[in-house]
Amino acid sequence: MLASRALLSKQTLAVLAQQPAAFVHHGTQGTWGNTNVAVVFSGCGWWDGTDVHEGVYTMYHLSRNGARFQMFAPNQQQTEVMDHMKKQASSGDRNTMVESARFSHNQGMMQMHDLSKLDVNTFDAVIFPGGHGVIKNLSSFMKDGKDCKLHGDVERVLKEFHRSRKPIGLSSMAPVLACRVLPSLEVTMGYEREDTSRWGKWPHTNMVQVVKSMGARHNVREPYEAHVDEKNKVVSTPSFMWETDFHYHYIFDGIGNMVKHVMRMSSK
């Protein structure tokens with residue numbers, strides 16, 4: 001027995017000795033080459049900015065599929081600052097771009113850039129992750145509902161990408177932005193009525209009715225799905241319009257599907 005183990009150990013060591021010092025992972029899905037995508041943030045945190053998971057999942061899937069990306073945010077004060085423990089407004093002022101920089105590594109291509117510098121001619125697609133920053137910092141939806149106004153550069157970017165026939169990706173609350181300024185879109189924000197199951201619940205369905213009142217067509221989708229509007233090159237996924245305690249992998253998969261369709265359409 002001991003002799004067999006010693007022989008097995010020697011064989012194992014011999015095999016390992018022939019391997020390179022590091023295993024380089026080239027990825028299995030990166031088939032779109034140097035697609036360049038702009039990602040627009042609205043702060044950092046579900047209750048007053050970009051949801052952390054949605055932002056990170058978006059960047060992961062872009063990287064996994066071989067894309068380059070740059071991060072942008074408006075250089076302005078946030079509408080409000082939230083205590084994420086108590087889920088209530090907190091004191092103090094914060095800058096949307098500075099807070100969004102929490103997603104960045106603050107060097108080179110990974111810096112957070114001023115949204116006013118986003119040039120549609122430099123990018124193949126744009127993605128807006130969700131979070132309450134969409135309706136507080138990128139628009140006045142929280143206050144004005146269907147009559148909301150968009151931040152000037154947010155409106156400019158959406159219209160320029162749409163006009164240029166370049167794809168737009170949207171997660172959770174972000175369809176509100178596109179539906180406000182672009183005509184006759186098809187989007188999803190998940191379910192159209194509150195529905196609680198053992199897996200999670202849909203507490204934000206009132207926003208779906210507002211999107212419909214803006215002239216959009218809504219499509220019911222699960223958190224792991226994305227809806228593709230091929231005509232307008234708009235891809236949306238419900239993400240955290242669905243609340244769940246544990247099943248974050250569904251949201252991860254939904255954002256992955258959104259990113260794949262955005263990149264597919266950007267290559268056309």
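1. Basis. In this predicted model, local features need pLDDT of at least 70 and side-chain atom pairs count only at pLDDT 80 or more, while totals for chains, interfaces and linings use all residues. Residues are numbered from 1 along each chain as its sequence is written, and side-chain values use heavy atoms, with hydrogens and water left out.

2. Confidence. The average pLDDT (the predictor's confidence in each residue, from 0 to 100) is 88 for the protein, and 86% of the residues score at least 70. Residues 19–30 stay under 50. For that stretch the model has 9 contacts (heavy atoms within 4.5 Å) beyond four places in sequence.

3. Seen in the order 5-2-1-6-7-11-10, 7 strands make an open sheet with mixed pairing. The edges are strand 5 (112–114) and strand 10 (227–229), each of which pairs on one side only. From one strand to the next the twist averages 25°. Strands here are DSSP runs of E, at least two residues long, and helices are runs of H or I, at least four, numbered from the N terminus; two strands pair if DSSP finds at least two bridges between them.

4. Strands 1 and 6. Strand 1 (residues 36–40) pairs with strand 6 (residues 125–128) in the parallel sense, over 3 bridges. Ala38 has Val126 of strand 6 as its bridge partner.

5. Helix 6. This helix (residues 152–163) lies across strand 6 and strand 7 (168–171) and runs at about 140° to strand 6. Axes are lines fitted to C-alpha atoms, for helices over the stretch in contact, and angles run from 0 to 180 degrees between N-to-C directions.

6. Helix 9. Residues 248–266 form helix 9, which lies across strand 6, strand 7, strand 10 and strand 11 (234–237), at about 175° to strand 11. Its 19 residues reach 27 Å from first C-alpha to last, close to the 27 Å expected at 1.5 Å a residue; the expected span is 1.5 Å times one less than the number of residues. Among the buried residues of helix 9 are Ile251, Ile255, Met258, Val259 and Val262. Buried means under 20% relative accessible area, exposed over 50%, and partly exposed in between (1.4 Å probe, protein chains only). The cover over the buried residues of helix 9 includes helix 2 (52–64), strand 6, strand 7, strand 10 and strand 11.

7. The whole structure has 10 salt bridges, each a side-chain nitrogen of Lys or Arg within 4 Å of a carboxyl oxygen of Asp or Glu. Glu155 and Lys159 form one of them, with the closest N and O atoms 2.7 Å apart. Both lie in helix 6, 4 residues apart, about one turn of the helix. Glu160 and Arg156 form another, at 3.1 Å between the closest N and O atoms, and are likewise 4 residues apart in helix 6. An α-helix has 3.6 residues a turn, so residues three or four places apart point the same way. Glu155 is partly exposed at 25% relative accessibility, as is Lys159 at 32%. Glu160 is partly exposed at 22%, and Arg156 at 23%.

8. Salt-bridge network. Arg94, Glu99 and Arg102 are linked in a network of salt bridges. The Glu99 to Arg102 salt bridge is 3.1 Å, N to O. Glu99 is buried at 8% relative accessibility, whereas Arg102 is exposed at 57%.
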